[in-house]
Amino acid sequence: MSHIKNLIPSTVNPDLQKERAAAEFHVEEFSAWWHGGQDKLKKKREIEKAIFSDLEDGYGLNHEYMSHEEVYNSTVKKVAEAAVKLKALQNKLNPGGTDIWPGGLFNAQSFGLFPANHPIATHITMFVDVIKGQGTAEQVEKWGKAAENCNIIGTYAQTELAHGTNVRGLATRADFDPKTDEFVLNTPNLEAYKWWPGGLGHTANHAMVVAQLYIADVHHGVQMFIVPLRDSETHMPLPGVDIGEIGKKLGMASVNQGFLGLNHVRIPRTNMLMKFAKVERDGTFKASPASRINYLTMVYTRCLIVSQNSTLLLAAATIATRYSAVRRQSPIEPNQPEPQIIDHVTQRLKLFPEIATGIAYHLATEYMWEMYAQTVQEANNGKFERLPDMHILSCALKVLCTTDGCAGIEKLRLSTGGHGYLIAANLSNIYGNAVAAYTYEGENTVLLLQIGRALVKAWASFVDKKPLSASYSYFASSMQLKEFPKWDDSWQCIIKALQYTAAHKTRIAFENLANRMASGQSQGVAANNTGIELTRAAELHGRQFVCQTFLEQITGAKAQKRSPALNKILENVLELFLVQTVLNNLNDILRFIKLSDADLRSLQKRLEDSLAQFRPNAVAICDGFEFHDRVLNSVLGSYDGNVYPRLFDSAKRSTMNQKPVQTSFETYLKPLMKAKL
Amino acid sequence: MASSTSVIPTTVNPDLQKERDAASFNSEEFAAWWAGGEEVLKFNRGVREYMEKDVDLSEMLQLQNKTHEEIIEFSTRGAIEGAKKLRRLQEERNPGGDVYWPNLYDAQVMWGLVPGGNPFGVMYVMLVKALQAQCTPEQYEEFGKRVELFEICGTYAQTELGHGTYLRGLETRADFDRKTDQFVLNTPNISSYKWWPGGLGHSSNHCLVMAQLYIDGDCKGPHMFFIQVRDEDTHEPLPGVHIGDIGKKMGFIGVNNGFLGLKNVRIPRTRMLMRHAQVKADGSYVSSPTNVLTYFAMVRTRCVIAKNNAVMLASAATIATRYSAVRRQSPINPNEREPQIMDHVTQQMKLFPEIATSVAYRKAGDYLWNLYDVTIEDIENGKYERLPELHSLSCALKVTCSMDSASGVEKLRLACGGHGFLTSSNMSSIYVSATAACTYEGENTVLLLQIGRFLMKTWRAALTGAPLPPTVRYLAEVQKNPEFGTWTGSWENMVKAMQYAAANRTQLAFRSLSKRMSRGETEANAANHTGIEFTQAAELHGRAFVFSAFYEAVTGPQSKTRSANFNRVLENLLELYLVKETLNQMGHLLRFINLTDTDLSGLQDRLETVLTKLRPDAVAIVDGFDFSDLQLNSTLGSYDGNAYERIFDAALKNPMNQKAVPKYFHEILRPFMKSNI
């Protein structure tokens with residue numbers, strides 16, 4: 001039908017090539033640094049070549065034209081096929097490792113293999129991990145290996161239709177029956193139905209069910225139970241199990257999230273995970289010796305979220321930046337050709353700070369992983385002192401990264417104009433994936449309130465002159481100052497200003513909370529009424545941490561391992577991030593710190609200067625993240641920059657364009673136009 | 001296997017009913033005020049009842065499970081059924097008039113019938129209006145009326161694959177051929193293809209094409225040409241026409257946006273719209289007396305956008321508020337029952353400001369429509385003086401309303417937690433509709449830059465003492481009285497403060513621009529480099545206008561027509577809007593106005609106080625927006641508040657849940673699990 005053939009050129013868009021040629025640093029060095037070294041970069045490329053080279057044309061977009069059900073079924077097929085390839089590749093490139101299998105099911109490369117996501121990620125990231133982390137040696141032996149090999153497929157069922165954040169409010173019950181040595185599980189009403197677990201709808205045949213344990217009607221808190229759901233041969237639901245898919249969502253089209261109702265489902269006593277808490281044969285309950293260890297799983301998950309969300313932000317930034325290098329619009333000078341939109345200063349303001357933000361969170365995550373490793377080691381030696389700080393920092397990082405990441409991705413999508421609205425741009429899918437993290441593993445406001453309470457507790461310690469952990473040491477250094485010193489243009493000044501502001505926000509929240517309690521409010525009511533200020537103090541606490549970490553990563557000892565050219569680029573990124581952070585938080589900073597008009601104009605100039613300095617390197621930096629075109633899956637952001645031909649090609653693939661006239665024409669449209677009502 | 005019995009109770013959720021019983025005002029009075037009067041409300045309800053009486057709400061909810069193609073067919077059918085109903089309504093209740101058909105075809109009443117978007121919406125919002133504005137009487141009689149009567153169906157094609165905002169950059173050509181008295185239309189490159197018009201893909205047989213007029217190779221600029229693209233009987237594309245659907249989008253799937261390529265398509269000379277500019281048979285060209293009229297259709301569309309986006313925000317606020325009244329989570333006091341989440345102050349902070357914002361934009365939009373009507377009247381009398389102000393104000397309101405509604409809807413969606421991620425909540429659909437407005441009919445940054453230039457021109461005019469239009473008069477006032485004076489915190493004072501900040505931002509931008517030009521930059525380059533400051537000034541200008549309009553609407557003479565209880569509710573909404581937006585813009589205000597720490601603490605107290613005051617009225621206020629359940633199309637926000645049951649019911653009807661075992665289990669999943677990879 002089309003009279004335009006061979007739409008997509010095999011050459012790189014000349015505007016885009018010019019950007020690459022003009023870069024002031026070596027992209028290869030950046031890529032190696034970004035990926036943790038030359039060897040890791042090389043391995044990444046080998047993996048991607050192996051897993052992406054045989055995907056058919058239109059792979060990343062075909063599912064968009066299917067019904068909800070078809071998307072799921074086609075993805076199950078993809079997972080089964082990919083699993084064999086990934087396992088073989090693991091054995092070939094890194095035998096005994098887990099970076100490809102099962103890593104490829106949930107790392108950045110999975111976005112290329114499974115553009116609609118897939119139903120088995122929860123099995124890998126939560127079901128298997130929880131068995132290993134919480135199961136006895138016998139339980140790990142019985143279920144762990146089978147789960148790892150996907151001989152059984154499970155999911156993690158905690159959230160209920162009417163219960164999410166407040167785990168203690170979960171309504172699912174597990175009653176111990178000493179006569180049969182079994183637990184009897186029930187979801188007593190509709191509100192108790194498990195709701196959301198990935199793969200639960202039609203994929204999993206087991207679930208890790210989080211339920212309230214009752215022994216002789218005495219409540220013993222939430223515990224985890226491995227519950228078989230479906231017959232392993234026929235896949236039919238087992239008796240007492242009411243199971244299905246919860247419906248379409250904003251993204252994650254084939255994750256197959258499900259609902260689960262349990263009506264007197266019996267499981268052996270040994271199906272309760274008992275590495276810590278135990279139920280003996282006679283019904284005796286033994287509580288967990290260290291319940292705090294459970295926080296570590298969530299800390300790990302939050303670090304994973306930050307890692308993934310910063311990656312999604314940078315994927316969106318790469319798409320938008322490459323597009324901005326090839327799209328031309330709105331002459332700057334009348335009668336001159338339309339410029340690349342990346343030359344509009346307002347466009348730079350949309351793009352470049354998001355690149356800086358993505359890099360900042362990426363580096364903050366590296367720091368957190370290092371801290372996590374140390375904390376795990378200490379916990380294994382029975383030392384838990386670092387745990388509360390890790391918990392709070394992981395909460396802060398998760399909140400800020402998801403909030404900033406989602407706002408950034410959306411800003412980037414809008415920066416691509418109308419074409420960013422097309423599914424083929426993949427920006428909405430990236431957003432759908434990123435924004436889900438705002439809610440799961442601790443809804444962001446709830447986490448901010450937890451941080452707020454920790455801040456107020458730390459402030460009380462500070463007022464009582466008790467020692468503070470490192471995370472709160474800025475309280476003392478800030479409050480020593482009667483007034484913030486004169487503003488200079490150093491990075492250190494910016495860090496101190498953020499800390500000073502955060503300290504005062506905490507002070508105000510503390511004072512308001514104390515006043516409310518003094519006036520007779522209970523602590524709970526007073527905390528609720530101070531909620532807005534607690535969340536704001538928590539946010540600023542997080543921001544000062546991210547900025548301080550970023551400064552250290554760029555200017556600290558690690559700088560010596562990088563070339564001067566790369567360091568110069570990273571310093572530009574740091575400058576942009578810090579200046580933008582100050583400008584975005586002036587609402588609070590100006591309340592506590594006097595900045596003169598000259599200071600403010602200087603900040604504006606620094607912003608504009610850093611944007612201009614960034615300009616020749618923007619495309620090359622994005623190249624340095626080394627997103628495979630399959631992973632970006634975007635007609636706007638491909639490496640070659642051939643945007644319009646790719647857009648058109650994707651439109652042609654629509655099922656609607658395989659015939660010129662739709663069936664609805666004869667049935668509805670034509671009769672309407674002929675009617676004389 | 002899931003039960004097929006409906007799980008939705010016929011009673012109202014008791015938590016929600018309690019909210020309605022506890023309201024301190026009559027929501028019917030609010031509904032009448034919101035609709036524009038008692039008679040209008042009665043009229044609206046009558047129409048809605050007629051239109052919705054045989055529509056199945058649960059069928060609408062299942063749209064999420066269909067393919068791209070099925071959704072468009074569904075939308076075509078819904079749009080045509082809606083058209084038939086409006087025609088019957090017209091014949092029954094207003095024979096010979098146009099009150100119902102076609103006037104209501106692009107109104108809110110249609111939203112519930114076409115949740116995937118209306119493929120013929122653009123025909124009435126833009127095409128008919130453009131034809132009415134640009135056709136000669138003979139042309140309108142010949143083809144404009146046929147469009148109006150839906151005897152032929154068309155759309156409005158301006159944006160191209162490679163060109164959007166910058167009209168003079170459009171590549172589509174119309175060359176006049178004297179010998180045949182025809183225009184020859186071509187889209188010479190792939191980037192010239194028309195791309196985005198609603199309904200163009202498969203739902204139109206005519207199209208109003210914006211193309212560059214060439215006479216003897218001499219370009220006369222963009223003009224409008226009415227062309228036929230498909231055969232009226234067979235619907236096959238005509239020779240030289242390359243047409244189809246552009247592919248899946250974030251939302252508006254049913255709108256059937258299309259692409260259009262033209263190759264030597266010939267049309268009669270009289271198919272160029274010639275009310276203003278004209279081409280004679282001998283090829284002589286008569287230019288339009290006022291070129292700005294070419295842009296006038298866009299002005300009206302921006303007014304429509306501002307109005308519609310306020311409604312989208314109100315619908316999202318309705319859903320989230322009702323859900324927050326029935327959802328319970330996270331005890332405020334330990335060992336007490338989980339409260340309604342609306343009792344959490346942080347939740348109130350997410351919900352109530354968006355209610356206030358939707359009301360504010362509704363009132364600001366009313367002012368804009370009045371200005372539009374007055375300007376239309378002037379133009380018909382040959383007076384064009386009001387046009388620049390109307391253009392600037394419509395841009396400002398379109399920008400701030402689309403920005404605030406998009407971020408507001410997303411905030412509200414996140415306020416619904418995980419269930420806000422479900423398609424059946426309809427929040428993501430409302431969001432993608434709201435956010436699309438940030439791009440179409442003038443991308444927001446481009447509009448902000450236009451407003452910025454208008455402000456520069458106005459500031460310069462004020463310096464010479466020239467009289468200014470009403471909505472920018474404050475610039476002259478600030479020039480005369482550069483000192484702000486004392487902050488009092490009264491509403492009038494807050495309005496003045498926002499205007500003061502906007503004026504000072506305008507001055508800052510003016511100085512930056514002047515300084516750059518004095519250093520030798522061209523005005524255009526200086527404007528690009530000052531672009532960030534232009535957008536900041538323009539945004540504040542928009543906000544100052546909304547402040548003023550909302551303040552006047554609540555405290556002005558019309559307050560005497562309202563009851564004391566209702567006025568108090570509106571005053572609470574005004575207080576909330578002014579305080580929260582003042583706090584949001586505090587970084588700008590503190591730069592220009594001296595606020596003490598006591599002033600700032602006072603604002604925070606006021607914020608918390610007004611949230612508490614609005615708490616008992618929140619549900620009644622959103623009831624007053626008078627959305628039907630079909631219009632909201634949400635499992636979370638139905639009038640009866642039975643959220644969990646509706647979510648579950650929607651899941652049960654999912655085709656994926658009609659069989660317990662998915663198709664691919666035996667083909668793919670089971671072999672995979674047996675394979676021991």
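What share of the 677 residues in chain B is buried? Buried residues make up 65% of chain B, where buried means under 20% relative accessible area, exposed over 50% and partly exposed in between (1.4 Å probe, protein chains only). The model is predicted, so local features need pLDDT of at least 70 and side-chain atom pairs count only at pLDDT 80 or more, while totals for chains, interfaces and linings use all residues. Residues are numbered from 1 along each chain as its sequence is written, chains are lettered from A and ligands numbered from 1 in the order in which they are written, and side-chain values use heavy atoms, with hydrogens and water left out.

Chain B contains 23 helices and 11 strands. Helices (H or I, at least four residues) and strands (E, at least two) are DSSP runs, numbered from the N terminus. Along the principal axes, the C-alpha atoms of chain B fill a box of roughly 90 × 75 × 65 Å. Of the contacts in chain B with a separation of 6 or more, 73% involve residues 24 or more positions apart; contact means heavy atoms within 4.5 Å. Chain B has an accessible surface of about 24,100 Å², and carbon and sulfur atoms hold 49% of it. Areas come from the Shrake-Rupley method with a 1.4 Å probe; for residues, only the protein chains shown count as cover. Chain B carries 72 positive and 76 negative charges, with mean positions 3 Å apart. Lys and Arg count as positive and Asp and Glu as negative, without His and the chain ends. Each charge is placed at NZ of Lys, CZ of Arg, CG of Asp or CD of Glu.

Chain A also comprises 23 helices and 11 strands. The C-alpha trace of chain A spans about 90 × 75 × 70 Å along its principal axes. Buried residues account for 63% of chain A. Among contacts between residues at least 6 apart in sequence, 73% join residues at least 24 apart in chain A. Chain A exposes about 25,400 Å², with 53% supplied by carbon and sulfur atoms. There are 72 positive and 67 negative side chains in chain A, and the centres of the two sets lie 1 Å apart. The domain assignment of chain A gives domain 1 (152-289) and domain 2 (449-625); such bounds come from an automatic or database domain assignment. Over C-alpha atoms, the centres of these two domains of chain A are separated by 42 Å.

Arg543(A) sits in helix 16 (residues 531-555). Arg543(A) counts as buried, at 13% relative accessibility. Beyond its neighbours within four places in sequence, Arg543(A) contacts Tyr361(A), Leu400(A), Asp404(A) and Asn585(A). Ala325(A) belongs to helix 8 (residues 293-326). Ala325(A) is buried, with a relative accessible area of 0%. Pro14(A) is 311 residues away along the chain, yet its C-alpha atom is 9.7 Å from that of Ala325(A). With neighbours within four places set aside, the contacts of Ala325(A) are Asp15(A), Leu16(A), Glu19(A), Gln340(A), Ile342(A) and Val619(A).

Backbone geometry was then considered. The peptide bond from Trp101(A) to Pro102(A) is cis, with omega near 0°. Pro102(A) falls in the loop between helix 4 (68-93) and helix 5 (110-113) of chain A. In chain B, Trp101(B) and Pro102(B) are joined by a cis peptide bond with omega about 5°. Pro102(B) is placed in the loop between helix 5 (68-93) and helix 6 (121-134) of chain B. Glu626(A) is not a glycine, but its phi is positive, about 55°. Glu626(A) occupies the loop between helix 20 (618-625) and helix 21 (629-632) of chain A, and is buried at a relative accessible area of 16%. Asn256(B), likewise not a glycine, has a positive phi of about 60°. Asn256(B) is in the loop between strand 7 (241-245) and strand 8 (258-262) of chain B, and counts as buried at 0% relative accessibility.

In helix 13 (residues 473-480) of chain B, the buried residues are Tyr474(B), Leu475(B), Ala476(B) and Val478(B). Their cover includes helix 12 (444-463), helix 14 (491-518) and helix 16 (531-555) of chain B. Lys84(B) lies in helix 5 of chain B and is partly exposed, with a relative accessible area of 28%. Lys84(B) and Val12(B) are 72 residues apart in sequence and 34 Å apart in space, C-alpha to C-alpha.
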